[in-house]
Amino acid sequence: MADLAIRNLVKRYDKTEVLHGISLDVEDGEFVVFVGPSGCGKSTTLRLIAGLEDATGGEIAIGGRVVNNLEPKDRDIAMVFQNYAIYPHMTVRKNIGFGLRTAKMSKADKDARIDEVAGILGMTDLLARKPSQLSGGQRQRVAIGRAMVRDPAVFLFDEPLSNLDAQLRTQMRLEIKKLHQRVGNTIIFVTHDQVEAMTMADRIVIMRDGHIQQVGTPAEVYHKPANTFVARFIGAPSMNMLSGMVENGALRMASGATLDLGAGLPEGREITIGVRPEDLHPGDGPALVRGPVTVREPLGHETLIYVGAEGQEVIAKADGRTPPNVGEVVTLTAAVDTLHVFDAATGDALR
Amino acid sequence: MTATEIRPTTDALLKTEAPKKPANMGQILRWMLLFLGGVAMVMPIAYMISTSLKWPHEVYNLKLIPDEPHIENYTYVLEDGRFYWWFVNSMIIAVITTICNVIFDSLVGYTLCKFRFPGRYIVFIAILSTLMIPTEMLVIPWYLMSQQFGWLDTYWGIMFPGLMTAFGTFLMKQFFETVPDDFIEAARIDGLNELQIWWTVAMPLVKPALAALAIFVFLGNWTAFIWPLIVTNSVEMYTLPVGLSSFGDEADVAWELIMTGAAISTIPTLIVFLIFQRYIIQGVVMAGLKG
């Protein structure tokens, strides 16, 4: 096990820079999830850590040792690929043992290690099978087993769940999390699915266009997003964004309502107010939004309502039993302390 | 197979009850064309075997069934010491050339496919362009080269032009494209060197292509005629096709013996095909990927 440090990491393909000097410290045993839309540089970062690609600039250190010039095999890492990359011509035992081929261990020790890993993953009965005889989830487990067998300092997961169906994904998510609690190795996990990030991570790294937008615990990035991008990216359905203006120390919304958000807002500045759908509901408070219901999505215990106002659609949560009808004009309100305030120009959080 | 799969589905039951559609004209025409094609393919082989069972005086009689079928030709050919030499020569040459092609073509194909290096494309085009030069044009340079190096009338002389082929390289490169990079990167992380990755990971994944290549190369060399004819002088160095053509004398070609030798010489090709065809049929590459 070891910590991981990234310093000013830059990656350029010809003239296109895809990583613009990112820095990050990952503690020993931490489960860190890189999340972001496709093309944000998260997989590139992972491949740089793995040594599958060379960094253009910056430094990567694993366990205090700079690994930039080391081959992947010398970096003490193991990687699980999106396509699993388990070899179809080998049995499960051979696949799991593949990572030990170059290890200086006796055959008996290797076999014992394979059995141990198979036991942890609940695959002891499947060791003699070929990958074609396994289900998607089992193949994924073989891929994880092959990574585990070497007991690497750092595990790298590259979107390992994205090929699984929804139910299996939830199950594997839980299994990987349990596995981490059991073996305790440092894990870097890349995904584009914010739910995976939220549910699994000790800390989430949100990336966009080759920059880190925010690093924090799931609670931090959810409750204190650093900017509008993070605010929208984390949480489903996405956070609603409303515009307003600071006038005489108070916030004047486009709907006409005036909100007192306390001191500290820049006078005369355009503001974006973020409010999560679960915080926004029909009621009698100050009207953040007022408009007709366009769509209802009943979820049972509650109903999502889409309200058209000021040229955009706002999502709110209404009671599951007596939701407003489509076409009904509603007033949506939220408690002041649930509002997120962003600078409209830069998108950065103001408080 | 599970029990549920054996039970006929409603669809299947309905199908068996439905009246049979009469074959339409298009279908009849298709079958006839296929039948004619089949006859065209089988006739030479049928005549080969038929001729091998005839006496010399019957050879030019086009009857398919000989009047007095006999196996004297087979005993003669098999008891003739030269035939064994030629058979062994052909076998050695075809086997070694096949092994070399499987290794070298796939090594070069793999390199061209999976490594990024300056000039990669030019090398590939250069190899491909050699496909456009007919063998007949190369025979004279090959001969002059063999003469200068003292390779005339040797195994090496017969084999060297075919130890690596542009076609094989191209075939393997295209097939390695179907091997996902994830496999190779995973092996790299697991600590294998590039040669080990090629041999233990990439090669097993392209078995169907290797089998196809092996069949092509083996058949090509087993039946090769022009170059072995030119480069060999002594009867002991002849390959089977060259040797068979020498049966008989200037005045009379012993067709019945040539056909007998030809019939025997098809046996190894059949065996090679039977061994490798199952690898061609099974496509294994995708099984380790997402299900």
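**Note on the chain and domain interfaces**

1. The contact between the two chains draws 22 residues from chain B and 28 residues from chain A. The model is a predicted one, and this should be kept in mind throughout. Chain B and chain A together bury about 2,200 Å², and 61% of that area lies on carbon and sulfur atoms. On the chain B side, Asp182(B), Ile189(B) and Asp190(B) supply 30% of the area buried against chain A, more than any other three residues.

2. Three salt bridges are found across the interface of chain B and chain A. One of the residue pairs joined by a salt bridge is Arg150(A) with Asp190(B), whose closest N and O atoms are 3.3 Å apart. Asp190(B) is also among the three residues that supply 30% of the area chain B buries against chain A. Between chain B and chain A there are six residue pairs in polar contact, with both residues at pLDDT 80 or more.

3. Which elements of chain B give two or more residues to the side that touches chain A? They are α10 (181-189) and α11 (194-205) of chain B. The largest share, seven residues, comes from α10(B). By class, the residues on this side of chain B divide into 12 nonpolar, five polar and five charged.

4. Over all chains, a search of the whole structure finds 23 salt bridges. Within chain A, Arg47(A) and Glu53(A) meet through their side chains in a salt bridge, at 2.8 Å from N to O. Both Arg47(A) and Glu53(A) are buried.

5. A further salt bridge in chain A pairs Arg169(A) with Asp193(A), with 4.0 Å between the closest N and O atoms. This pair links distant parts of the chain, 24 residues apart: Arg169(A) lies in helix α5 (residues 166-183) of chain A, and Asp193(A) in the loop between β8 (186-191) and α6 (194-200) of chain A. Are the two partners buried or partly exposed? Arg169(A) counts as partly exposed because its relative accessibility is 25%. Asp193(A) counts as buried because its relative accessibility is 18%, the cut-off for buried being under 20%.

6. Glu302(A) and Lys317(A) form another salt bridge, the closest N and O atoms being 3.3 Å apart. Here too the pair links distant parts of the chain, with Glu302(A) in strand β17 (residues 302-309) of chain A and Lys317(A) in strand β18 (residues 312-319) of chain A, 15 residues apart. Glu302(A) and Lys317(A) are each buried. As for salt bridges that share partners, these join Lys11(A), Arg47(A), Glu53(A) and Glu185(B) into one network.

7. Chain A is divided into domain 1 (4-233) and domain 2 (240-343). The centres of domain 1 of chain A and domain 2 of chain A, taken over C-alpha atoms, are separated by 39 Å. Eight residues of domain 1 of chain A and six residues of domain 2 of chain A take part in the contact. The two domains of chain A bury about 630 Å² between them, 57% of it on carbon and sulfur atoms. Tyr222(A), Thr228(A) and Ala231(A) supply 63% of the area that domain 1 of chain A buries against domain 2 of chain A, more than any other three residues.

8. How many salt bridges cross the interface of domain 1 of chain A and domain 2 of chain A? The count is zero, while two residue pairs are in polar contact across that interface, both residues being at pLDDT 80 or more. On the domain 1 side of chain A, the elements that give two or more residues are α7 (218-223) and α8 (228-233) of chain A.

9. Chain B is likewise assigned domains: domain 1 (25-70) and domain 2 (81-288). Their C-alpha centres lie 31 Å apart. Domain 1 of chain B and domain 2 of chain B bury about 610 Å² between them, 74% of it on carbon and sulfur atoms. Met48(B), Ser52(B) and Tyr60(B) supply 62% of the area that domain 1 of chain B buries against domain 2 of chain B, more than any other three residues. Zero salt bridges are found across this interface of chain B.

Technical notes
Residues are numbered from 1 along each chain as its sequence is written. Chains are lettered from A and ligands numbered from 1 in the order in which they are written. This is a predicted model: local features need pLDDT of at least 70, side-chain atom pairs count only at pLDDT 80 or more; totals for chains, interfaces and linings use all residues. Side-chain values use heavy atoms; hydrogens and water are left out. Domain bounds come from an automatic or database domain assignment. Buried area is the accessible area (1.4 Å probe) that two parts lose on being put together, summed over both. Contact means heavy atoms within 4.5 Å. A polar contact is a pair of N or O atoms within 3.5 Å; within protein, one must be able to donate a hydrogen and the other to accept it, and residues adjacent in sequence count only if both atoms are side-chain atoms. Helices (H or I, at least four residues) and strands (E, at least two) are DSSP runs, numbered from the N terminus. Ala, Val, Leu, Ile, Met, Phe, Trp, Tyr, Cys and Pro count as nonpolar, Asp, Glu, Lys and Arg as charged, and the others, Gly among them, as polar. Buried means under 20% relative accessible area, exposed over 50%, partly exposed in between (1.4 Å probe, protein chains only).
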